[in-house]
Amino acid sequence: NGFWQPVKYQWHVLKLMEYFLNFTKSHTPQKGKNVGIYGDVVFGKNVRIGDNAVMHGPAYIGENSVIGNNVLVRHSHIGAHSVIGFGSEVARSYLGNHARLHNNYVGDSVIGNNVACGSGTVTGNFRLDEKNVSVNIKGEKVDCGSTKCGIIAGNNIRVGINTSFMPGVKIGSNSFVGAGIVVAEDVEEGTYVTGEWKLKKRQNVATIKPQ
């Protein structure tokens, strides 16, 4: 009787998240100036919220976590001991404990524990042709049933600055992903990913007038 949600694929976690957010006791956070809290937002103990942050429920912010200045959290789970730094947005996503973001966008994603992203890194969650996103499961493309699906990431991952993830990409645990690259395919567990790029230099013939 009642709610039932099988967990076969990783994105099923997001459906469970939506359900269980309604049954958690909330504590009073320490708030800065001009904080907006809309709908049912549940806070763990010792949560701190910076100036101008906005949260739309249902959402959960785990204990001892920090929501920085100008952060937007929408319909998401943020685990304990996490820092969602300045200018970041987390939308419809599950983040585990010890998540660390800074000026990032994370949308429709499932991310494990101890994951940190450098400034400017974003997750793509929507195809240009607006079709459902497919995820590679054991060599086969599986339709996730939605037009929006971000990344699926394990535990203990570090990502450099200005890296872009395409929709539906999986990142295995204990991996490093370098800076300034586009990740359009799965990254296996325990992998160090870097991209190929080269600076092109030539003489500057333009002049800049002094002020």
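Strands here are DSSP runs of E with at least two residues, numbered from the N terminus. The model is predicted: local features need pLDDT of at least 70, side-chain atom pairs count only at pLDDT 80 or more, and totals for chains, interfaces and linings use all residues. Residues are numbered from 1 along each chain as its sequence is written, and side-chain values use heavy atoms, leaving out hydrogens and water.

**View 1. A cis peptide bond at Pro-58.** The bond from Gly-57 to Pro-58 is cis. Its omega is near 5 degrees. Pro-58 sits in the loop that links β5 (54-56) with β6 (59-61).

**View 2. The open sheet of 7 strands.** The strand order is β3-β6-β9-β12-β15-β20-β23. Pairing is parallel; two strands pair if DSSP finds at least two bridges between them. β3 (41-43) and β23 (170-171) are the edge strands, each pairing on one side only.

**View 3. The pairing of β20 with β23.** β20 covers residues 152-153. It runs parallel to β23, and 2 bridges join them. Ala-153 stands opposite Ile-171 of β23.

**View 4. Asn-34, a non-glycine residue with positive phi.** Its phi is about 55 degrees. Asn-34 lies in the loop between β1 (30-31) and β2 (36-38). The residue is exposed, at 63% relative accessible area. Exposed means over 50%, buried under 20%, and partly exposed in between (1.4 Å probe, protein chains only).

**View 5. Asn-52, with a positive phi although not a glycine.** Phi is about 65 degrees at Asn-52. The loop between β4 (48-49) and β5 holds Asn-52. With 37% relative accessibility, Asn-52 counts as partly exposed.

Methods. Helix = DSSP H or I, 4+ residues; strand = E, 2+ residues; numbered from the N terminus.
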